[in-house]
Amino acid sequence: MNVHDSERISGLLEDAGYVRAGEDDDADLVVFNTCAIRENADNKLYGNLSHLAPVKSQRPGMQIAVGGCLAQKDKDTVIAKAPWVDVVFGTHNIGSLPALLDRARHNEEAQVEILDSLERFPSTLPAKRDSAYSGWVSVSVGCNNTCTFCIVPSLRGKEVDRRPGDVLAEVRALVDQGVVEVTLLGQNVNAYGMSFADPDQPRNRGAFAELLRACGDIEGLERVRFTSPHPAEFTDDVIEAMAETPNVCPQLHMPLQSGSDRILKAMRRSYRQTRFLGILDKVRAAMPHAAITTDIIVGFPGETEEDFQATLDVVERARFSSAFTFQYSPRPGTPAATMPDQVPADVVGERYQRLIALQERICLSENESLTGTEVELLVVADEGRKSAETRRMTGRARDGRLVHFAPGDTAGIRPGDVIHTVVTAAAPHHLIADAGVLSHRRTRAGDAHEQSRTPTTAPVGVGLGLPTIGPPVPTPATAAAPASAGCGSCG
Ligand code: SAH
Ligand code: SF4
């Protein structure tokens, strides 16, 4: 979500006349799009800002802006800690950035603007996309849940859903420009349909399954993914839509957080271990080869060794193809931060290592079971580690797995193209396919990537019930560095 917001920031700045700085150029503007999901994201920002202070003092006119969740959380504190910052903007007013930069320049004074609620959907802002072949599309922003560890609702606000027609129009706009893969984004996609911004759009519990099926009708769209569903609200109609819509990928990210019912209750996650495992069974019954990934927090306040064993037990049974594992990080203002029985750091660290060791073993054995199978890969640019000697390229399988493959004599394979190959070896976090390429299909995405063309999407839809207002008034051109994302985990 954060990475996608950065694409909106880039689009907005380009529309306002800024030009992306080259890798080695000294930028006139640096924008930090920050994350606040865990404490280390905070620390990273202030470290980065300190590095920029001497650069800015030697470069008259240079501007620094800080946006995103951490800015929303810290507000004036950003300027107090780093007085050389020019603009602080929050999660609800990304669209104000160009005007705030102008005002800071004109008034020669830092501008801080943080709103309490969403000004307009980020999707009604122009976007400059990072990838020629894969695109993010938001279905909603914000979250109505109250997980006790999570800072997202306080920084992103209540859930607001986009109209299905607007979502589909944006997907089509991307596909028209060659994109073959789309990931639908929301903090809880299963709640989609219950909080439409448009008062004329009827509430509809089945809206997400319907959206997936509608994506199935878009010609040229080869792969549809989504993140994140919520185990409490995940319904059978979504499983059926996934299984029956050929371009929806056999991949599911299903955040577990903890395997202990007691801890899930304290987290205010309303599903329990049995329901969670039941969902996985249903998904696998409908899609036997689905790869299921998860998020797990270790060391939530009050977590005992027995609770942690319950997490290990679920992990053993769930056979996740991979897991994002996090050490619990107290977030200001969340109920869990002040709960008694915070788990000591050494205990958390030790449990975390045990969890990783178990999941690595499962990742490897799941991946090994794929040796000898044929896979379809969407070739990607610069993802994962490649061996220089073997000159492997990298692609993503339909189930989301990363595969390093040897292109052999097949000339001209480009990121964005689609190939078939056979898996010859496995590691915990990737597969190897060294026996050569069975087929190679050149795609429009590959053409676009080769020509360094990435899609731009014009504002789509209405902003919170109001008609879309036009792009911001252009300002004088200044070279802009790419907006840098935070930890990138809050997708
Ligand atoms: N909406 C998604 C989660 C978004 S945050 C969901 O409900 O699954 C991404 C992940 O960050 C969470 O799934 C959780 O595992 C992790 N996370 C969130 N807050 C955290 C905290 N305070 N400490 C450690 N991990 C946290
Ligand atoms: Fe919402 Fe996810 Fe945070 Fe829970 S963890 S409050 S569902 S964003």
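How many nonpolar, polar and charged residues does the shell around ligand 1 have?

1. The model is predicted. In the shell around ligand 1, nine residues are nonpolar, seven are polar and three are charged. The shell counts 19 residues, and those that come nearest to ligand 1 are Gln187, Pro255, Asp295, Phe326 and Ser329.

2. Ligand 2 has its own surroundings: Cys143, Asn145, Cys147, Cys150, Val152, Pro153, Gln187, Asn188 and His230. Sorted by class, this shell around ligand 2 holds five nonpolar residues, four polar ones and no charged ones. Gln187 is listed around ligand 2 and is also among the residues that come nearest to ligand 1.

3. Strand 12 and strand 13 run parallel and are joined by three bridges. One bridge to look at pairs glutamine 251 with alanine 291 in strand 13.

4. Helix 13 covers residues 345-368, which is 24 residues. From its first C-alpha to its last, helix 13 reaches 34 Å, close to the expected 34 Å at 1.5 Å a residue.

5. Which residues of helix 13 are buried? They are Val348, Arg351, Gln359, Cys363 and Asn367. The elements that cover them include strand 13 (291-298), helix 12 (305-318), strand 14 (322-327), strand 19 (425-426) and strand 20 (431-433).

Technical notes:
Residues are numbered from 1 along each chain as its sequence is written. Chains are lettered from A and ligands numbered from 1 in the order in which they are written. This is a predicted model: local features need pLDDT of at least 70, side-chain atom pairs count only at pLDDT 80 or more; totals for chains, interfaces and linings use all residues. A residue is near a molecule or strand if its C-beta atom, placed from the backbone, lies within 6 Å of it. Ala, Val, Leu, Ile, Met, Phe, Trp, Tyr, Cys and Pro count as nonpolar, Asp, Glu, Lys and Arg as charged, and the others, Gly among them, as polar. Helices (H or I, at least four residues) and strands (E, at least two) are DSSP runs, numbered from the N terminus. The expected span of a helix is 1.5 Å times one less than its number of residues. A residue is buried if 20 or more other C-beta atoms lie within 10 Å of its own, exposed if 12 or fewer, and partly exposed in between; C-beta atoms are placed from the backbone. Two residues are in contact if their C-beta atoms, placed from the backbone, lie within 7 Å. Two strands pair if DSSP finds at least two bridges between them.
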